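Here is a structure to get to know, with some plain questions about how its features get their names. Have a look first.

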Amino acid sequence: MDSMEIAEFNVEYDGKHIIIMDYASKPHEKIVGNTVTILNILFRTNADVDVIPSSHPVYREEWGERSYNPDVQVVVGESVDVEHRPGMTAVTNPAVIFEVLSPSTRDKDWSEKLPRYKKMPSVKHIVYLEQDRPFVTVFTRIGDTDKWINVDYDNLEQSFEVLGKTVPLKELYLKVNFNE
């Protein structure tokens with residue numbers, strides 16, 4: 001094997017430091033799986049839309065060697081990937097980012113990732129999903145500006161839109177046991 005080793009866990013890079021991500025809870029993983037499934041169904045006829053699960057990072061040059069692995073990202077058009085570390089590529093043009101909030105990542109998701117995601121010019125929507133109750137916060141960019149609107153959803157009968165498609169909360173939280 002060359003100098004790149006295969007890790008048995010998920011990592012993010014913060015400069016020269018590797019951040020080992022905790023194991024995800026069952027509700028977290030069910031919500032991520034449901035999100036990927038719903039998005040793949042919604043965009044199945046859109047050849048220019050690609051749904052990418054959490055193992056592929058997003059990156060901006062001004063972040064230095066730091067990259068983030070959103071739980072799900074959606075790319076519209078051709079994915080623009082860069083080699084941000086030797087042998088590792090990251091997407092630079094996601095249109096939608098989904099993060100499932102967990103106790104171990106909540107602070108970083110809100111205080112560090114959210115402001116950086118908002119600075120990515122390609123991002124149109126950022127969706128934060130609670131894993132312990134049905135609650136979704138959707139940030140939507142206003143046109144091509146740096147202004148955002150955010151709306152919260154807390155009822156399984158509600159839905160929201162991303163890239164012109166309707167996403168029902170009841171589908172995101174399908175089979176999720178909030179007591180796990």
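In the protein chain, 54% of the contacts with a separation of 6 or more are between residues 24 or more positions apart, a contact being heavy atoms within 4.5 Å. This is a predicted model, where local features need pLDDT of at least 70, side-chain atom pairs count only at pLDDT 80 or more, and totals for chains, interfaces and linings use all residues. Residues are numbered from 1 along each chain as its sequence is written, and side-chain values use heavy atoms, leaving out hydrogens and water.

Q: What makes Arg-60 buried or exposed?
A: Buried means under 20% relative accessible area, exposed over 50%, and partly exposed in between (1.4 Å probe, protein chains only). Arg-60 has 19%, so it's buried.

Q: And what about Glu-62, buried or exposed?
A: Its relative accessible area is 54%, so Glu-62 is exposed.

Q: How do you know that Asp-109 and Lys-113 meet in a salt bridge?
A: Their N to O distance is 3.3 Å, and both lie in helix 2, 4 residues apart, about one turn of the helix. Helices here are DSSP runs (H or I, at least four residues), numbered from the N terminus.

Q: Why does Asp-109 count as buried?
A: Because its relative accessibility is 1%. Lys-113 is buried too, with 2%.

Technical notes. Salt bridge = Lys/Arg side-chain N within 4 Å of Asp/Glu carboxyl O. Helix = DSSP H or I, 4+ residues; strand = E, 2+ residues; numbered from the N terminus.
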